[in-house]
Each structure stands twice: as structure tokens, then as C-alpha cells.
Amino acid sequence: MDLKPIKADANFRAALAEIEDLWDTEPDTPEGDRLDLMMTLVEAYERRHHPMPPADPIAAIEFMMEQRGMTRADLEPIIGSSDRVSEVLNRRRALSLSMIRRLSAELHIPPEILIQPYELTRAA
């Protein structure tokens with residue numbers, strides 16, 4: 001199988017090309033096993049060289065709202081009054097634990113995203 005760790009961008013691009021070639025292979029075959037191993041190597045390289053920053057809680061809420069066609073008014077039963085929703089989405093009020101629990105349950109956002117720290121703005 002002759003697999004080696006990915007140590008440079010050129011190797012990374014070659015590994016991605018090979019994954020694309022192997023994508024439709026059957027599991028539990030030599031080619032399927034190679035695909036699994038190549039994907040593991042690529043994931044390890046990406047974690048090391050292209051780490052993802054923690055998700056922003058407000059951006060995650062806004063993304064889920066957009067995906068579900070929700071308005072700010074739709075968040076009122078989850079967060080509170082329209083003023084409270086506005087304060088949260090405009091980053092003037094931090095999410096409380098109860099808000100995090102309800103947002104996670106209703107919008108299916110993992111709590112580990114919602115508990116991430118984020119910068120609040122000062123009211124004008």
C-alpha cells in the first residue's frame with residue numbers, strides 16, 4: 001500500500017486527487033481500505049496545517065435561521081422578547097445557559113458551539 005504521512009501541500013493535493021479517484025470504491029476492498037487510509041491522512045494534515053477556528057455562536061444562530069427561513073420573531077419563543085432577540089443578535093447581550101439549551105434543542109446547534117466565547121459590542 002505504500003502510504004506515508006502528508007508533509008507538504010503538493011502531497012496534500014495529490015492525496016485529494018487520489019481520494020476523488022477512489023471515491024466510488026466499494027467498502028472492504030483493497031481500494032476501499034486505501035480510500036479510508038487516505039482520508040485519515042488528509043484529515044490529520046488539515047488538522048495540523050489548516051485548523052478550523054471555533055464556530056461563532058451568533059453566526060451559527062444566523063446560519064440556522066437562514067437555512068430554516070426563520071425571522072427574528074421566530075426566535076422570541078426561544079430567546080425572549082423582540083428586544084432580547086435584538087440584543088443577542090446584535091451582540092449586546094451574551095447568551096444565557098437557558099438560551100443555549102433552548103437554541104440547541106430547537107435549532108439543533110451543538111451546545112459546544114453556543115458556549116464559545118464571542119465579543120460583545122457596546123450599546124451606542
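How many helices and strands does the secondary structure of the protein chain come to? It comes to seven helices and zero strands. Helices (H or I, at least four residues) and strands (E, at least two) are DSSP runs, numbered from the N terminus. This is a predicted model, in which local features need pLDDT of at least 70, side-chain atom pairs count only at pLDDT 80 or more, and totals for chains, interfaces and linings use all residues. Residues are numbered from 1 along each chain as its sequence is written, and side-chain values use heavy atoms, with hydrogens and water left out.

**Overall form**

- From the N terminus on, the elements run α-α-α-α-α-α-α.
- The radius of gyration of the protein chain is 21 Å, well over the 14 Å that the globule rule gives for 124 residues, so the chain is more spread out than a compact globule.
- That radius is taken over C-alpha atoms, and the globule rule is 2.2 Å times the number of residues to the power 0.38.
- Along the principal axes, the C-alpha atoms fill a box of roughly 60 × 30 × 20 Å.
- Of the 124 residues, 26% count as buried. Buried means under 20% relative accessible area, exposed means over 50%, and partly exposed lies in between (1.4 Å probe, protein chains only).
- Among contacts with a separation of 6 or more, 59% join residues 24 or more positions apart. Contact means heavy atoms within 4.5 Å.

**Nonpolar cores**

- A nonpolar core is a set of buried Ala, Val, Leu, Ile, Met, Phe, Trp, Tyr and Cys residues joined through side-chain atoms within 4.5 Å.
- The largest core has 19 residues, of which Ile 61, Leu 75, Ile 79, Leu 95 and Leu 103 touch the most other members.
- Helix 3 (57-68), helix 4, helix 5 (82-89) and helix 6 each give two or more residues to this core.
- Helix 3 gives the most, with five residues.
- Apart from this core lies another, of nine residues, among them Ala 15, Leu 22, Leu 35 and Tyr 45.
- Leaving aside neighbours within four places in sequence, Ile 61 is in contact with Leu 75, Leu 89, Leu 95, Leu 103, Leu 107, Ile 109 and Leu 114.

**Helix packing**

- Two packed helices are described by the angle between their axes and the distance between the axes.
- Axes are lines fitted to C-alpha atoms, for helices over the stretch in contact, and angles run from 0 to 180 degrees between N-to-C directions.
- Angles under 35 degrees count as roughly parallel, over 145 as roughly antiparallel, 65 to 115 as roughly perpendicular and the rest as oblique.
- Helix 4 (residues 72-79) packs on helix 6 (residues 97-107) at about 125 degrees, with their axes 9 Å apart. The two helices are therefore oblique to each other.
- Helix 4 brings Leu 75, Pro 77, Ile 78 and Ile 79 to this meeting, while helix 6 brings Met 99, Arg 102, Leu 103, Glu 106 and Leu 107.
- By class, the contact of helix 4 with helix 6 has seven nonpolar, no polar and two charged residues. Ala, Val, Leu, Ile, Met, Phe, Trp, Tyr, Cys and Pro count as nonpolar, Asp, Glu, Lys and Arg as charged, and the others, Gly among them, as polar.
- Helix 4 and helix 5 pack at about 100 degrees, with their axes 8 Å apart. Helix 4 is thus roughly perpendicular to helix 5.
- From helix 4, Arg 72, Leu 75, Glu 76 and Ile 79 make the contact with Ser 82, Arg 84, Val 85, Ser 86, Val 88 and Leu 89 of helix 5.
- The residues of the contact of helix 4 with helix 5 divide into five nonpolar, two polar and three charged.

**Two buried residues**

- Leu 95 sits in the loop between helix 5 and helix 6. Leu 95 counts as buried, at 13% relative accessibility.
- Beyond neighbours within four places in sequence, Leu 95 is in contact with Pro 57, Ile 61, Val 88, Ile 100, Leu 103, Leu 114 and Tyr 118.
- Ser 104 belongs to helix 6. Ser 104 is buried, with a relative accessible area of 16%.
- Beyond neighbours within four places in sequence, Ser 104 is in contact with Ile 109, Pro 110, Pro 111 and Leu 114.

**Positive phi in two loops**

- Most residues other than glycine have a negative phi.
- Asp 28 is not a glycine, yet has a positive phi of about 60 degrees. Asp 28 lies in the loop between helix 1 (9-22) and helix 2 (30-49), and is exposed at 76% relative accessible area.
- His 108, also not a glycine, has a positive phi of about 60 degrees. His 108 is found in the loop between helix 6 and helix 7 (111-114), and counts as exposed at 57% relative accessibility.
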